Amino acid sequence: MLGKALFLFLVFNLIFILADPAAGLGRVSAYNILFPGRSRLPYGDHPERAYNVSVLNLDAMFASHEIAAGTKPASEFRVLLIGDSSTWGWLLKPADTLAGQINRARLTTADGRTVRAYNLGYPIMSLAKDVLILDRAMRAAWQPDAVVWLVTLESFPADKQLFHPLLQNNPAPTRDLIARYGLKLDPNDPQFVTPSLLDRTIIGRRRDLADLARLQLYGVMWAATGIDQDYPADYEPAAIDLDPDDAFHGHKPPAFGDADLAFDALAAGVRAAGKTPLLIVNEPILRSNGRNSDIRYNFFYPRWAYDQYRAAMIAQATAQGWNYIDAWDLLPMSEFTNSAVHYTPAGAKLLADRLADAVTQLGKISTP
Amino acid sequence: MNLTQILAFAALSLIVGLACAWDRARVRAMRARGWVMLAASVVAVYWLQSSSPIRSLDFWLPTASIGLTVIVWAAIYAPRRAEWRAALPAGAVIIGIVAFIALTRYIDPLCCVTPTRPPDIVTVAFGGVIVAALIAGATLLFRGRTRWLNWLVLGVIAAFVILKLDVATQALSAVLRGLNGQDMAQASALDVRWLGFSYIAFRLIHALRDRVTARPPAPGKPAPAGLTLREFVSYVVFFPALTAGPIDRADRFVKDYRNTTVLPMDTASVVAGVSRILLGVFKKFVIADTLAIVALNAVNAAQVNATIWMWVIVYAYALRIFFDFSGYTDIAIGLGRLFGIKLPENFDRPYLKSNLTLFWNSWHMSLSQWFRAYFFNPVTRALRSPRETHFLPAQGFFRQPAFIILFGQVTTMLLIGLWHGITWNFVVWGAWHAFGLFAHNRWAEFARRRNASTDAEPTPQSPVRRRVVTVLSVVATFNFVALGWVWFALPSIDLSLTVFRRLVGG
Amino acid sequence: MTTEIRTALAQYIAKEILQQPKRVIAPDAPLISSGLIDSFHLVDLGLFVEDKFGVRIDDAELNKETFDTIEQLTAIIVERQ
């Protein structure tokens, strides 16, 4: 009897390795069926408080998002927001994020369609990650009418493009991106995770499987409470007094080298958007007036690096004819929360107002 | 118990259960089994205890559990010189283990069985002297004074109250902090979490009360042999049932303990034991822990904003508490089985019962059985005996069955509620069930009277109708119990009322 | 002897507890686990046994583990008389 059970267990695992159902399982989701889709991609450092959990399965991430629900109404002007944690809305309730504020404004395009923004931001600062999400979103059947891509220098360093487990654990789609868009990344980068045979058994996959199950269960709590993030009672505000350090990711003044910043990834994103109108936004940053603020703008950025990045962005945008808004100095210090790029609800509102015209203008370029 | 601890205990049990094949006569095997059971249980008392901000408390609380158990044994049996001599090996093993655990303080690679470093050996020795004095005192004090054991029962109840009443626990914490030279202002009720005391206390009260009410042996028959020290300690702190029951009975326990036919374990018993453990692990660590994500708790109770989801999380809590508790019991029963001890069942499909009385006959059975034996039955018996007391006339309102039933049920259920903790929420939970039980009882009585004129069995109904009625009754009973958990699960009446308002659409 | 005890018990349960004097209760019919006798009446049954047969059933023995049928209760009474 014990032998039989052991045999069955081995056979079951073999089938599991061959069929790799964990990948396909991501598409099975109760979101948008039993409970509403999430307003933003699932991410949670404290699942039990956030009713949200980080998963590495891209299918599962998108399947849990409200954008995967049903078909687009004819009257909707569908705008995808791509970006980092500031777009995702760190410390912000779903309705207070940039997407939430745009929707609250009830913008309409010239031809009468209502602007409906979808928050596809994800709390990782890497352009390659943005392209991964944008590329998927464009290839899904969601018919976006426009894309707004919010970027900041911290997402640009070439050597940190693959730093996050989300990219490392999705080697196939990431390598696919590298090949199709000619990204200057190594498809054999040692950071890519290659699961061993043991990792691919049901035992090896147990955490992934448990995470998928938890993502579904937290859907109940998301539906029941509308909470999808841990909102601490108080947080450490973003640093105002700064170190007298002029280095940025190991780069020293006066100038970046040609290969230091991943402009290739930015170009890849533009190509991924294809014919869909794209608005690129240099997102607001905190400009400190504290100690050493003559050297740095904030915790992230020495002045020389950020100034140079900003100039390069403007030059590129002009040369390539991008729709580009530089909103770097839009918000006063008071509208930032726990980081130099995370803003308050009021900050999100200001940014939404700043983008409103440009977004509705995108409606003119896009065909309904 | 976490998974590592369960695995360690299961491995130990299996080794003991299987490794005795060499001993045909079973005598040595049985002896070995008894010693392993005692040693594992004593170690478990320390190993499973959680840490406390009060220095060394994670050593002293387990020591108190063992010490109290030995004191009660000495009080019950008032052993004489010969009996003490017989108890010597067991006493030596217990002292040896406790001393070893204390000495791990000085043996770094082995430190520690307790969550934090045990106190220094001089302090431990001092504590040991106090415990020894109490044991000796108990032996002398209670010899020939069986009725005085009731005072010991009261003492255990008093300790229980202190540990279950937050205000008192906090005061106790302050005292202990003061003795330790720690900041008394930081005292919190959470500082003193005495592992397994709820269950240890009830086993001790059971043993004490049974001693007080024991019948004298029938003429010509010898008095039944009491429990040896080894048996008694093994019974009270038996490691599978230490943290969450079930509450076994001492007489039942020793029957299995002394049964020489259980070793070596046959395949069927091993399979039964192991599969029971696996079932429990699955129920507790997979089903219950998963349900916990969506189950009602103090935080989400105030966050849920829709009636339908409130029902979902209330139901999820009902299922979670069942799978958690019954899974844990499965693990305990399975571990016991591997030692040849058949711990009593604690759950018998409680959510599939068609009325509240049957629910309480199948939920946490060993606890409700305990309350029946040591509270409900004696109280009811006293009220039903047609004897006049200075409290009660022989007749009148207080002797009416309806009153006695109401009184017995309300007091019993309130006590069961308070057993979980002395808070208003547990009081209301107890009252909720008391009145539910009383309502069911009156209804059953009413139906009985209606049928009284008819003969034999109640009028047969069509099978379909009977089925429908049963299903509806099960659903109604489950809902009554599930709504009752709203009191049980939350820390305040206000919060529970918020949940109820939401449940009805408010 | 056994038969008399059984009959007396069955009659008492039918008449006093169930209040259906004509009801016949089989000696092996479950009394407690089936919910036929509730915890209150179980105490009454204990008092009746003590009164009638001079056999005390302890408070801790009034449960389905000790006896669940008339047959089992009879055995206890006979053993203790």
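This is a predicted model: local features need pLDDT of at least 70, side-chain atom pairs count only at pLDDT 80 or more; totals for chains, interfaces and linings use all residues.
Let me begin with chain A, where five strands form an open sheet with parallel pairing, in the order β2-β1-β3-β4-β5. The strands at the edges are β2 (114–119) and β5 (323–326), and each of them has a single partner strand, so one side of each is left without a neighbour in the sheet. On average, and ignoring direction, neighbouring strands are turned by 20 degrees against each other. If you look at β3 (residues 146–151) and β4 (residues 278–282) of chain A, you will find that they run parallel and are joined by 5 bridges, and that Trp149(A) has Ile280(A) in β4(A) as its bridge partner. Helix α12 of chain A, residues 303–320, packs on the sheet and touches β3, β4 and β5 of chain A, with its direction at about 155 degrees to that of β5(A).

Now to the interface, where 32 residues of chain C are in contact with 31 residues of chain B. The area buried between chain C and chain B is about 2,600 Å², and carbon and sulfur atoms give 47% of it. Of the area that chain C buries against chain B, 24% comes from Gln19(C), Phe40(C) and Asp59(C), which is more than any other three residues supply.

How many salt bridges does the rule find across the interface of chain C and chain B? There are 3, and in one salt bridge the side chain of Glu50(C) meets that of Arg381(B), at 3.1 Å from N to O. Helix α2 of chain C, residues 39–53, gives the most to the side of chain C that touches chain B, with 7 residues.

Technical notes
Residues are numbered from 1 along each chain as its sequence is written. Chains are lettered from A and ligands numbered from 1 in the order in which they are written. Side-chain values use heavy atoms; hydrogens and water are left out. Contact means heavy atoms within 4.5 Å. Buried area is the accessible area (1.4 Å probe) that two parts lose on being put together, summed over both. A salt bridge is a side-chain nitrogen of Lys or Arg within 4 Å of a carboxyl oxygen of Asp or Glu. Helices (H or I, at least four residues) and strands (E, at least two) are DSSP runs, numbered from the N terminus. Two strands pair if DSSP finds at least two bridges between them. Axes are lines fitted to C-alpha atoms, for helices over the stretch in contact, and angles run from 0 to 180 degrees between N-to-C directions.
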